[in-house]
Amino acid sequence: MNLYSANSTPELQKLGGTLLPRLMSNQAALFVDSRLFSRVKPIYLQRDMLGLNDEQKRVVERYYTQFVRGGAALEGEDRARFKSNLDQLAQLAVQFNQNLLSETNRYLLLIADAEELAGLPEDVVAAAAATATARGKDGQWAFTLQTPSRVPFLTYARNRSLRETLFKAYIARGNNGNNADNNAIIRETVRLRAENAQLLGHATFAHFTLTENMAKTPDNVGDLLMKLWIPALDNAKRERDALQQVADAEGDTLQIAAWDWWYYSEKLRQQRYAIDESALKAYFPMPAVRAGAFDVANRLWGLSFSPRKDIPVYHPDVEVFEVRTADGNHLGLLYTDYYVRDSKRPGAWASPYRLQSALDGPSTPIIVNVCNFARPNGETPSLLSFDEVTTLFHEFGHALHGLMSNVTYPSVGGTQVPRDFVEFPSQVMENWAAQREVLQRFARHYQTGEAISSEWLDKLDAAARFNQGFAATEYLAAALLDMRYHTLSEPGDLDPQAFEKNTLRELGLIDEIAPRYTSTNFGHVFGGGYASGYYAYIWAEVLDADGFDAFRQTGLFDQATATKLRDEIFSRGGSVDPMTAYRRFRGGEPSVDALLEKRGLKPMIDDSGEAPDVRGNETQ
Ligand SMILES: [Zn+2]
């Protein structure tokens, strides 16, 4: 499964198309099995009388709930229908992803005329030439829909109509009326999910999903999202007006459109903060950033990371590190697989090859971090944008959640926690990547070796609040779209395009911003496990802002706070109710205030354009 995502081949894709639905269907069959359920139920009913410890009790409760939610308590016709719906849903998800991958890979923006490259930095042009060569178009330049190719083009290309072409191609993935169109898949998926939720006695699919999450109800989620939506949108409108002024001042006679946002916001960023992203990247060669992340884990918990070149890997890009505790004990293995390639799906994620457990003797974790950073090019190492630096720390946080896991039962090991809790350990790690003291240790120019200057750090600080109305708005629009689909009690014969359009109009989204994912390319929700769960990133931001505050109060590397974070959160996996675990770490429930404060989302917002920093890194 991990290789299918990270190092696929046409053969694996084909095999996946056949095997994945069968694997999912097999998993589903397990939790609808009434004979197994009849063995689980009596244990569940007697759980308080069996002398179980807390972890054992939680494992019993989780299994019981999983069976009920899997349909094991259903009978007769309901049961058959539920089961057949699940089978169909599994096939639809696989098909959705395959369509999305093929729509992403088949597109190529081919440029033969060097004039059309105006504005693009040298490294972007060189990468485009390499892409063209790899596709048999030597002497031309090629851009793809993958982020490391698409975003630099949108950011720097002077040619507006080509920006429009590339932007529209990206948004249109899965909505081209061809054999990879995802609209019918969405319609069917939404209908089947609602039906199954109702068979289990829930009003909608969102109600069904959220009872198992920390958020508990669609209302709680809706409240939080709308609390953020209004100030975010206000900021986005101000940002749009500022971009229009930049365009006007440049003498460009146009009205800002969605494909102009990256281009003019980069100009504005340079005017206001003089941050040249491609010059900044020189301070973030991948190996140094990774070493920086290792260093943070070392200072917090005494962990050490040493390369293991003797362990076989599935691709030459992959590196293996042995992780040891402060006492020198073997903790687990971390694989890093950071570079973009066609055989990898887009995004960034962490996955276990083996979960930590101690049921049949100690079993140590093996975790992989997968990203899509630019490949090294000749003498030039892979240079990361600051966003990508944050992504590396984020996925490293998921890896640590898996590596520091210390439970008995594998079903509650590491990242086996509710969706809206799983992003807390990853997002809290992002905070260290943004600290001056940390950056000064690892951010060094890849050619001169010189450390990042305090002038750069000032600019980074200021820029952290730049364009955040846009970032929050595009994220929240996608999260709200997800919630609207899944709070439909009778979706009927839904037309995804009309539904999306109406929802966004009703929310008041401006034309200059598209949701981070539109329906037909919203893989988290229609091809993955984030259905009515995309909100989880901002929910986790509430936790991470509140949680990191503990270190602000006691010190960035305060040992007592770090120990508590490890013992109550990172080592517990899913063996403790997340809210309980959080209270034990922090001494109280998380407050939204820390997030509102940190992201400048207090209802009264000043004109500096402060707004939240919301990012949508994927995890598994
Ligand atoms: Zn994540």
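So, N235 is buried, with a relative accessible area of 1%. Buried here means under 20% relative accessible area, exposed means over 50%, and partly exposed is in between, with a 1.4 Å probe and protein chains only. N235 sits in helix α11, residues 218-249. Helices are DSSP runs of H or I with at least four residues, strands are runs of E with at least two, and both are numbered from the N terminus. From N235 to H486 the C-alpha atoms are 28 Å apart, and along the chain the two are separated by 251 residues.

Before I go on, some ground rules. This is a predicted model, where local features need pLDDT of at least 70 and side-chain atom pairs count only at pLDDT 80 or more, while totals for chains, interfaces and linings use all residues. Residues are numbered from 1 along each chain as its sequence is written, and side-chain values use heavy atoms, with hydrogens and water left out.

K216 isn't a glycine, yet its phi is positive, near 70 degrees. Most residues other than glycine have a negative phi. K216 counts as partly exposed, at 42% relative accessibility.

There's another one of these: S532, with a positive phi of about 45 degrees, and again not a glycine. S532 is in the loop between α21 (523-526) and α22 (536-554). Is S532 buried or exposed? Buried, with a relative accessible area of 0%.

Y535 is in the loop between α21 and α22 too, and at 0% relative accessibility Y535 counts as buried. What does Y535 touch? Leaving out residues up to four places away in sequence, the list is L210, N213, A215, V221, L225, D420, Y475, A479 and M483. A contact means heavy atoms within 4.5 Å. With D420, Y535 also has a side-chain polar contact of 2.9 Å. A polar contact is a pair of N or O atoms within 3.5 Å; within protein, one must be able to donate a hydrogen and the other to accept it, and residues adjacent in sequence count only if both atoms are side-chain atoms. Y535 and G222 are 313 residues apart in sequence, but their C-alpha atoms are 9.1 Å apart in space.

Now the metal. Which residues coordinate the zinc ion? H394 and H398, each through NE2, and E423 through OE, at 2.0 to 2.1 Å. Donors are N, O and S atoms within 2.8 Å of the metal (3.2 Å for Na, K and Ca), and water is not among the atoms, so sites may look incomplete. Along the chain, the donors follow the spacing H-x3-H-x24-E. H398 lies in helix α15 (residues 386-403) and E423 in helix α16 (residues 419-433), so the pair ties together parts that are 25 residues apart in sequence. Both of these are buried: H398 is at 2% relative accessibility, and E423 has a relative accessible area of 0%.

On to the rings. The structure holds 40 aromatic pairs. Rings of Phe, Tyr and Trp (its six-membered ring) pair if their centres lie within 6.5 Å; planes under 30 degrees apart count as stacked, over 60 as edge-to-face and the rest as tilted. Take F294 and F321: their ring centres are 5.0 Å apart and their planes are at 70 degrees, so this pair is edge-to-face. The pair links distant parts of the chain, with F294 in helix α14 (residues 286-301) and F321 in strand β4 (residues 319-324), 27 residues apart. F294 also pairs with F396, and that one is tilted, at 5.6 Å centre to centre and 50 degrees between the planes. F396 is in helix α15, 102 residues from F294. Both F294 and F321 are buried, and F396 is buried as well. Elsewhere, ring pairs link Y475, Y517, F522, Y530, Y534 and Y537 into a cluster.

Last stop, T561, in helix α23 (residues 559-570). T561 is buried, with a relative accessible area of 10%. The T561 side chain makes a polar contact of 2.6 Å with the side chain of D558. Not counting residues up to four places away in sequence, T561 touches A550, F551, T554 and F585.

That's my tour, so over to you.
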